[in-house]
Amino acid sequence: MATVRLENLRKTFDSGRLVAVDDLSLSVDDGEFLTVVGPSGCGKSTTLRMIAGLERPTSGSVVIGGEDVTDQHARKRDVAMVFQNYALYPHKTVMGNMEFGLRMSTDLSKEERRERVRETAEMMDIEELLEDKPSELSGGQKQRVALGRAIVREPDVFLFDEPLSNLDAKLRTTMRTEIQRLQDELDITAIYVTHDQEEAMTMGDKIAILDDGELQQTGRPTDVYDDPTNEFVGGFVGSPSMNVLDAVVDNAGTGVTLRGASADFAYELSPEYADVLEGVEEVRMGIRPEDVRVADAGDAGIVTTVDVVEPIGSDNYLYLDLGPDFIARVDSGTTPTVGASIAITFDERDVHVFDPRTGESLTHGVAVAGSDAVTPAEAEPTAD
Ligand code: ATP
């Protein structure tokens, strides 16, 4: 097993006109599971291919296990990659496919190789498929074989490029758990690329979010979710997406109040925010659907109208007329009628404030005591 370090990694195509990966620095600890997530075309696969040695960086370095491998051929690197399309040899049996990598990377005898394949196949629950050809396998079985082929080599680093995208939802969930189990059991250093934020959040010890070739944030999934560095990350991580409203900052009184720019609301923050928002006039105010609560009758809150009630089984999504797709995720017992006027409330610890020009979070890293400081629009603040 090994650490992986990317240092100012850059890759351009088209004579430098297209920047696929821009100045990416990132490290993965020994035995750590890093998920890399971002929208299509953000540079995830290119990054992974540079780590594997399948793509040569324009500049920057790839360091595996403390050794700079930037100029090393893919075959020399002790990494194994699992692809979305399985990349199995169609004319070889499962045994042949799994054995092939070992033949290339070790000098084990044929019998030793076959023994190792059988052990791995048993662990992966595919031993009865060893004599089958890929065309005889289901998608899930093919992906198990592709995984097994990577595992049997016992490489330093595993690279996964959207390995579950071709599987149906149920199988994807099973395979996710399976990969996590194997990663845990084998103490593998793994880098896993996906465009699915839920997959990235649930599988990774650490998550890296890319956009437009640039690293936006890296950290433990819960930290990134709780405290995004910018509006892009806030919106990308979490489902449904974070609600974001345009607001102006009113710091005329003792505290700071965010007033809706187009929607009619006022949200009073505690005085600790005065410094954070000093000199700031306009902001984007983010609040996650699951952090919005319907206020009890008589309690202070932002008054709004229910546009749609969407039951999803365990919870209800309430679409509110505060802004486009402003959603409150509430328990399934909360079922206001469409067109009803309700008051909503949320804790100020769950409020994210973004700079509308740069998208950067102004509240990132700001720890506040937290309070339910919602006040009805144009009303006097209530004590928390
Ligand atoms: P997806 O999720 O759609 O696979 P991605 O995040 O993996 O996307 P990359 O495949 O790394 O993105 O591509 C990043 C950018 O680099 C894209 O604009 C892509 O078109 C471009 N690109 C990738 N490979 C090449 C290449 N060989 N030649 C030219 N452009 C390329």
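These legends walk through several close-up views of the predicted model. Residues are numbered from 1 along each chain as its sequence is written. In this predicted model, local features need pLDDT of at least 70 and side-chain atom pairs count only at pLDDT 80 or more, while totals for chains, interfaces and linings use all residues; side-chain values use heavy atoms, with hydrogens and water left out.

View 1. R17 is exposed, at a relative accessible area of 65%, whereas D14 is partly exposed, at 47%. (Buried means under 20% relative accessible area, exposed over 50%, and partly exposed in between, using a 1.4 Å probe and protein chains only.)

**View 2. K206 pairs with E32 in a salt bridge.** The closest N and O atoms of K206 and E32 are 3.4 Å apart. K206 sits in strand β9 (residues 206-211) and E32 in the loop between β2 (18-28) and β3 (33-37), so this pair ties together parts that are 174 residues apart in sequence. Helices (H or I, at least four residues) and strands (E, at least two) are DSSP runs, numbered from the N terminus.

**View 3. R176 reaches D196 through a salt bridge.** The N to O distance for R176 and D196 is 3.8 Å. Because R176 belongs to helix α5 (residues 169-186) and D196 to the loop between β8 (189-194) and α6 (197-203), the pair ties together parts that are 20 residues apart in sequence. R176 is buried, with a relative accessible area of 11%.

**View 4. Helix α4 (residues 139-152) packs against α5.** Their axes lie 11 Å apart at an angle of about 15 degrees; axes are lines fitted to C-alpha atoms, for helices over the stretch in contact, and angles run from 0 to 180 degrees between N-to-C directions. The two helices are therefore roughly parallel to each other (angles under 35 degrees count as roughly parallel, over 145 as roughly antiparallel, 65 to 115 as roughly perpendicular and the rest as oblique). From α4, G140, Q143, R144, L147 and I151 meet L171, M175, E178, I179, L182 and L186 of α5, where contact means heavy atoms within 4.5 Å. A network of salt bridges links R144, E178, R181 and E185.

**View 5. Helices α2 (residues 94-105) and α3 (residues 110-123) cross at roughly 120 degrees.** Their axes come within 9 Å, and the angle makes α2 oblique to α3. On the α2 side, the residues are M95, M98, E99, L102 and R103. Those they meet in α3 include K110, R113, R114 and R116.

**View 6. A52 lies in helix α1 (residues 44-52).** A52 is buried, with a relative accessible area of 5%. Not counting residues up to four places away in sequence, A52 touches A74, R77, V79, M81 and L159. Look for F158 as well: A52 and F158 are 106 residues apart in sequence and 9.3 Å apart in space, C-alpha to C-alpha.

How values were computed: Salt bridge = Lys/Arg side-chain N within 4 Å of Asp/Glu carboxyl O.
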